[in-house]
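This report covers a helix pair and several individual residues. The sequence and structure come first.

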Amino acid sequence: MSGIHDFIDNEVKNNDVVLFMKGTPQFPQCGFSGQVAQILDYVGVDYKGINVLADADLRQGIKDYSNWPTIPQLYVKGEFVGGCDIVREMFQSGELKSHLEGQGIAVKGAA
């Protein structure tokens, strides 16, 4: 399992914004993943979407990595931000945009 942990660790640390999701940003395979992808697109942030459905080890590995039981999972600058509910609440309050900007990440959206 350490290979998966290393892969996840590498993705989280080498990409400013990473979304571990079911499906891809263009074709989400679950409503919650789709919502987070839509929020990130709306805010206008560049992010990497990683499809956990492509690999069962990855799907379990990301849950172990974050100690968080559900997918999607959003990481910003190596830090776990949260899942769909947390990201949606942060977006609605304006906290998501300010968190991203506070981490030095360019956002283009109006939110």
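## Helix 1 against helix 3

In this predicted model, helix 1 and helix 3 are roughly perpendicular to each other, because angles of 65 to 115 degrees are counted that way. The axes of helix 1 (residues 2-14) and helix 3 (residues 56-66) cross at roughly 65 degrees and come within 9 Å. The crossing of helix 1 with helix 3 is right-handed.

On the helix 1 side, the contact is made by Ile4, His5, Phe7, Ile8, Asp9 and Val12. Their partners in helix 3 are Asp57, Leu58, Gly61, Ile62 and Tyr65. Sorted by class, the contact of helix 1 with helix 3 consists of seven nonpolar, two polar and two charged residues.

## Glutamine 73

Glutamine 73 belongs to strand 3, which covers residues 73-76. The relative accessibility of glutamine 73 is 0%, so the residue counts as buried; the cut-off for buried is under 20%.

A polar atom of the glutamine 73 side chain lies 3.3 Å from the backbone oxygen of tryptophan 68. Leaving aside residues up to four places away in sequence, glutamine 73 touches Val18, Leu19, Phe20, Ile62, Lys63, Ser66, Trp68, Phe80 and Gly82.

## The loop between helix 3 and strand 3

Asparagine 67 is located in the loop between helix 3 and strand 3. Its phi is positive, at about 60 degrees, although asparagine 67 is not a glycine. With a relative accessible area of 69%, asparagine 67 is exposed.

Proline 72 is also placed in the loop between helix 3 and strand 3. The peptide bond joining isoleucine 71 and proline 72 is cis, with omega about 15 degrees.

## Lysine 77

The loop between strand 3 and strand 4 (79-82) holds lysine 77. Lysine 77 is not a glycine, yet has a positive phi of about 50 degrees. Lysine 77 counts as partly exposed, at 39% relative accessibility.

## Aspartate 41

Aspartate 41 sits in helix 2, made up of residues 31-43. Its relative accessible area is 48%, so aspartate 41 is partly exposed; the exposed class requires over 50%. The C-alpha atoms of aspartate 41 and proline 25 are 8.9 Å apart in space, while the two residues are 16 residues apart in sequence.

Terms used:
Residues are numbered from 1 along each chain as its sequence is written. This is a predicted model: local features need pLDDT of at least 70, side-chain atom pairs count only at pLDDT 80 or more; totals for chains, interfaces and linings use all residues. Side-chain values use heavy atoms; hydrogens and water are left out. Helices (H or I, at least four residues) and strands (E, at least two) are DSSP runs, numbered from the N terminus. Buried means under 20% relative accessible area, exposed over 50%, partly exposed in between (1.4 Å probe, protein chains only). A polar contact is a pair of N or O atoms within 3.5 Å; within protein, one must be able to donate a hydrogen and the other to accept it, and residues adjacent in sequence count only if both atoms are side-chain atoms. Contact means heavy atoms within 4.5 Å. Axes are lines fitted to C-alpha atoms, for helices over the stretch in contact, and angles run from 0 to 180 degrees between N-to-C directions. Angles under 35 degrees count as roughly parallel, over 145 as roughly antiparallel, 65 to 115 as roughly perpendicular and the rest as oblique. A crossing is left-handed if the near helix is turned anticlockwise from the far one by less than a right angle, and right-handed if clockwise. Ala, Val, Leu, Ile, Met, Phe, Trp, Tyr, Cys and Pro count as nonpolar, Asp, Glu, Lys and Arg as charged, and the others, Gly among them, as polar.
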